[in-house]
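Hi,

Here is the structure I promised to hand over. Have a look at it first, and my notes follow below.

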Amino acid sequence: MAPNAPQGKIEKILSCAFAISTKESAALELPDFPLDNLPLAAKVLENNPHLSPHSVLFRLYPYRAFLKEQISHLESLLSSFDVKAEAPGLYSNFARRVRAFLEGPRQSQVYVETDYQNGLIEEMLQSESVADFCIVGPKGCGKSLLVQQVADILGKQTENIVLYQDMTARDLIQQRTTLDNGDTVWKLSPLILAALEGKIAVLDGINRIHPSTLSVLHRLVQDRELQLHDSKRLISSDRYQFIKENFGLTDQQLEESGILRIHPDFRIVAIGEPPTTQSPTGNWMTPEVLSLFLFHEVRTLSKEEELHIITSKYGPISRPLHKIVELAHILRNSTDQTLNNLSGHLSTRQLLRIAARMKNYPTNFAFDSIQTTFMVKFLPSLARQALEKTVQKLGIVPEEDYSEDSPIICEVRDNIVTIGQSSVPVYKTTHLTKVPNILFYDVPQHLHLMEKMLQDFQLGQHLLLVGNQGVGKNKIVDRFLELLNRPREYIQLHRDTTVQTLTTQPTVKDGRLIHEDSPLVKAVKHGHVLVVDEADKAPTHVTCILKTLVESGQMILSDGRRIIPTASQETAGEHHIRIHPDFRVIILANRPGFPFLGNDFFGALGDLFSSHAVENPSPGSEVTLLRQYGPNVPLETIKKLVRVFGDLRNMADQGLLSYPYSTREVVNIVKHIEKFPDADLEDVVFNVFDFDRYSPEVVETLGEVLEKHGFSSKNVMTAEYIAAKRAKEKIQVTVNRYSGLDTKEPKHGKEDPDNAPHVGGNTWAGGTGGRDTAGLGGKGGPYRLDKGHEVHQLSDEEKNAVPDHILRAAREMGRKAFQEKLKEIGMSGYDATLYNQFYNNVSRQVQSLRIILGNLQAKNKERHWTRHQTGGELDDVKLVDGLLGEKTIFRRRTEQEPEIGAPQLKPKIFRVVVDVSGSMYRFNGYDGRLDRELEAAVLVMEAFQGFEDKIQYDIIGHSGEDVSIPFVKLKEPPKNNKERLDVIRKMHAHAQYCWSGDHTLEGTESAITSLAEEECDEAIVVVLSDANLQRYGIPPSQLAAALTAKSNVSGYAIFIGSLGDQAERLQEKLPAGRAFICSDVSQLPQILKQIFSSSVISTL
C-alpha cells in the first residue's frame, strides 16, 4: 500500500494507535482511535518522508482539539514510544508549489503570507493528495481563506455548502422538484454536483450538523460510493473505469444504467470550530467523525503575525490599534475563563475590520472601538467588570471631550448627504417605493450613531445593531436609508423561521413547485439593503447560513440556485445569481437574555459585522426628542418623566426590575399628554406600568421611584390606587353597603360546598359585607378569608362601632388560628418572629433572585420542529412529496426531547461556603457582617426553593475549628421556615462559641475539590468571607489558586466584611471577575446574577 514509507516511523505510529485502543488505556476515557485510517498515514508518510510520527499521528487523532485534562496523560503515553511534538521542519517539494503560486501574479491580495499559514497550506496540500480532510479552529482565524488558497494552488473550484442543524440527508444528497410541465424529478445537491465535476466541496459548520445526517457521508468518504434516492449510484473513478473496460460499456450506457462517475479530483474539506462542553452539540468530534477525515488544527495568529498582516494591508499601525491588538492577545492568553471567552470578539477578522476603519477614519482613542466591538453595554456585569479592569491596565481611556449630546450636522444638499464629518452622494434608484419615508426627529445621539453607520457603509461593511426593545433601532435604520435614498427589503424573523423560509418561499401553482424570491434574494439581485429584524428570535443555526453570504458572497438557496460573488470568474448561468455590488445587510437584534429571551446573535455571528450598540437616548437627547413629540407638554413634566425612566433603567441594569423601560414607553406618554392635555399624569403613567401591578415587589419599587420624583404618593401603584382609578372609570370593584345589624360572636362560619357568593348575614365563611364570620368587607370577624367573589364593603364608621369585647374575642380567635397555622409547619410564635426579622430584610432580593433563577431554568426548554407528521403546518421541503400522495408532509412545534440514548440533563450545583469563624461574631457590631451572612443564607434558601430539578445547592461552613461544616446538605434542602431558621441558628452559635483561627483557604480548597467530582451541568462555588486573611498570613495568590484549581468548577469570593480597605486591596489581587465586595445584602442578588450570567458568554 505504501512500500516506500519509512518503516521506523510507521512502526511508532502503529504502536501509539494500538496503545490508545487497548483496554489498559480505557481508564483515560479516550475516544476510539480511527484504526481504519492508518493506511492514509502510510500514504502521507510515503509522499512526505520528512514528516515526524507525531505530525502524522495528530492528523489522524487531533487530541488537543477534543481533550482537556487527559492531554498530559496521552502525551506521556506517546512519549513512551518516542513520539513527541517537534518544531516545524523542512517542507517537501509541495512547498515549491506554494511559493511559486504566492510569488506569481494574483488577482486578489486578500491573503497575506505568514510562515505559519504557509506551513498550514503545505500540510493541507499533503493531506489533500491522499484523502478528504477537516480544518478545526476558532471563528475568525482564517480557515475559509486557507481552504480557498489551497484550491487556488491546485487550480480547483470550490463548492461552499453551509451546514445547519436542521439539515437532513435529503438536503445533503438529493431533493424533489418539478419541471415546467408539472413532472416531479430528483435534483442533485451541490455536494453531488461537486463530486461529478471534480470540485472541492467545502462543508462549512460540521460542528453544527446532526450526527445522523453526517452519517450518509461515510460511504462517499471511505469508499467513494453513494446510493442516491432516485436509485442511481455514484462510484469511484477507478471502479467506473474497471466496469467500462471489462464489460465493454460506453459512458452513455453506464449513465442510462444509473451509474455515475465520481471525478478523481473530487475532495471534501470540512470546516468546524473546536468542540466545547457548553455547546448544544457537545463534543462533535466523535469516533465516527474521526474516521472520516484527516485533521488540521488552526490556532489564532500570534501578535507578530497579526501585526505583519495588518501592516501589509493597511500600512503603519497607529498607537490605538496597537493597544487593541495587545488587548486581543491578553484575552486569548488569559487563564481567567471569563476573559478568555471574550477573546472571540477580537478575532483576526475583527482586527482587520478595525484596522480598515482606523486607516480611513483616524482616531487617537481606542476606547470607542472596544466599546462597540465587545458591545460592552450589554455584556453581563461579571464580564464587563473583568474587561474594563483589563482595558484600564492598558491605559485605554475614553475621549474626554467627546459627548453624545454635542451638536452634529445632518443635511442633504446638492445630492450630497452629510452627517457630521462624513459625506456620501445620494443613491440613485428607480425603486423609490421601497425607500423608507418616516417621521423622525433628529437628536444628537442618534446622529452620531448614523455617522458611524455611514462610515461603515462607505467601507463596504454589513451592519449589526443591538439594543433593547423600544430604543429606536428600526426608526434609526429607516431614517438612515431615507437620507441615503437606498431601497429596503425587510424580513422579520421569529422562533419558527427555517433556512428555507429565509431564502425562498416555495408554493405550488398549477401543479408545479414555484420558488418565489424571499426579500433576501430580491436584495441580492437588485442591490437593495436587506434589513433583518428580530434576528435574535430565530435559532442561531438558521441565521448562521448568513455567514458565507456576508463573508464570501456565496449562498446556496433551497431551490438549487446559487448566489455568487460580484467579482467571481464563474459564468452566471440560469441557476446563478450574481450579487449586486450595492447589496448590503443590516441586522437588528435585541440584547440576549432576560426579558427578551432571544438567542445571542452577536455572540454567534457578531465578528462578521460592524456592530453598534443602540441605547436609550441620554437625558439631554431624550428631552430634545420628547419636546418634538410634545411641543405643548410642559418642559418640567418632560424632565420629570426623563428622570423617572432614567432611574427605572438603572434599576433594570442592576436587576431590581426585570423589564428595561425604553424610550418607546415615555414617547407614548408624551404623545398622549400632547393629544389630551387635561389627562391626569398619574393615570397616563400608570397605563405604562399596568402589567407590572401583578408583582407586589415591582409595585413597591415603582411606587418608591414615582414618589421620589414628585408624584403624590409611593402608593400610586398599590391596590388602593388601582381601586380608586377603577372607581373613577366606573369599573365596579367594591360595593358599599350598610347592614344595621349588631355583632354577636366571632366565628369561622360554615363552608359552602358550591362556593356561592354570600352578602351580609353571619352564617357563611368567605362572605362579604357581613358580620361575625371570616370573610372580607364585613365587621366582627376573626380574620380575612377571600373566596374570590365581588367584595361588598361596610363603612369605616360601622366597623368602628363594633364593641371592644367583640374585637378582643375576634383578635384572640385570629391569634389562635395563626398559632394553629404555625404548628402545621412545626414552629412556635417566637420562631416565626425571629425568622421574619431576617426574611423581611431580603424578601425583595429573594424575588429578584428567583426571577434570575427562573430565567436560567427557562433556557433549558426549547421548541423544535418535529417533521414527518400527518397534521400541523405544511413542511415547505416536502411539497412535492404531497403532490405525489405522501401523507406525512406536515411539521409541528414540540418541546425538545432528549434523543434516544442521550443522558438525562444534569442539574447545576451551587455551593455556598460560609465563614463562621470567631471574627464574624466579634466584628458583627462593627459592620454587621454576620447578620449579612445569615441574611445571605436565608436569601439562598428561600430563592432556590422550587428549582431543585435544575439547580441544587448546599451550604458548607468553615471556622477556626473545622474546614467543612455541613449546614445544608446537597439534595436535602430545608423544607420549611423552621428548618431554615435552624440553619441560621447553628451558623450563629458556631461563630459565637468556636475557637479563633481561620480556614478560609482550606475550606475553599475542600469545597472546590469535592465538588469537582460531582456529575453536574455546571458547578459554582461562592465563598462568603470577611477580608481578614492577612491576620492569618494567607496570601491572595493562594486564595486565587484555590478558586481556579479545577477547570470544571467556577469559584468566586464575596467579601461581606472588611476592616478599612482590606476587601478592596484583596479584590485587586485576585483574578478579574472572581472577587466581589458586598457591603449590603441587597447587593447580593446582583452579584449572584453576574456569576450566573458568566455562563452566558462561555458559548460566545
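A residue is called buried when its relative accessible area is under 20%, exposed when over 50% and partly exposed in between, with a 1.4 Å probe and protein chains only. Please keep in mind that this is a predicted model, in which local features need pLDDT of at least 70 and side-chain atom pairs count only at pLDDT 80 or more, while totals for chains, interfaces and linings use all residues. Residues are numbered from 1 along each chain as its sequence is written, and side-chain values use heavy atoms, with hydrogens and water left out.

With that cut-off, Ser621 is buried because its relative accessibility is 1%. Ser621 lies in helix H29, residues 619-629 (helices are DSSP runs of H or I with at least four residues, strands are runs of E with at least two, and both are numbered from the N terminus). Leaving aside residues up to four places away in sequence, Ser621 touches Glu404, Asp405, Val443, Pro444 and Gln445, where contact means heavy atoms within 4.5 Å.

Burial also shows up in helix H25 (residues 519-526), where Pro519, Leu520, Val521, Ala523 and Val524 are buried. After H25 comes Gly527, with a positive phi near 75°.

Next, a helix pair. The axes of H16 (residues 303-314) and H19 (residues 348-360) come within 10 Å and cross at roughly 35°; axes are lines fitted to C-alpha atoms, for helices over the stretch in contact, and angles run from 0 to 180 degrees between N-to-C directions. H16 contributes Glu306, Ile309, Ile310, Lys313 and Tyr314 to the contact, and H19 contributes Thr348, Leu351, Leu352, Ala355, Ala356 and Lys359.

Now the rings. There are 12 aromatic pairs in the structure, a pair being rings of Phe, Tyr or Trp (its six-membered ring) with centres within 6.5 Å; planes under 30 degrees apart are stacked, over 60 edge-to-face and the rest tilted. One of the pairs is Phe293 with Phe295, edge-to-face at 6.3 Å centre to centre and 90° between the planes. Phe293 is buried at 0% relative accessible area, and Phe295 is buried at 1%. Phe33, Tyr61 and Phe66 make up one aromatic cluster.

Finally, two charges over rings (NZ of Lys or CZ of Arg within 6 Å of the ring centre and within 35 degrees of the ring normal). The charged end of Arg584 sits over Phe457, 5.9 Å from the ring centre, and that of Arg1074 over Tyr1052, 5.4 Å from the ring centre.

Best wishes
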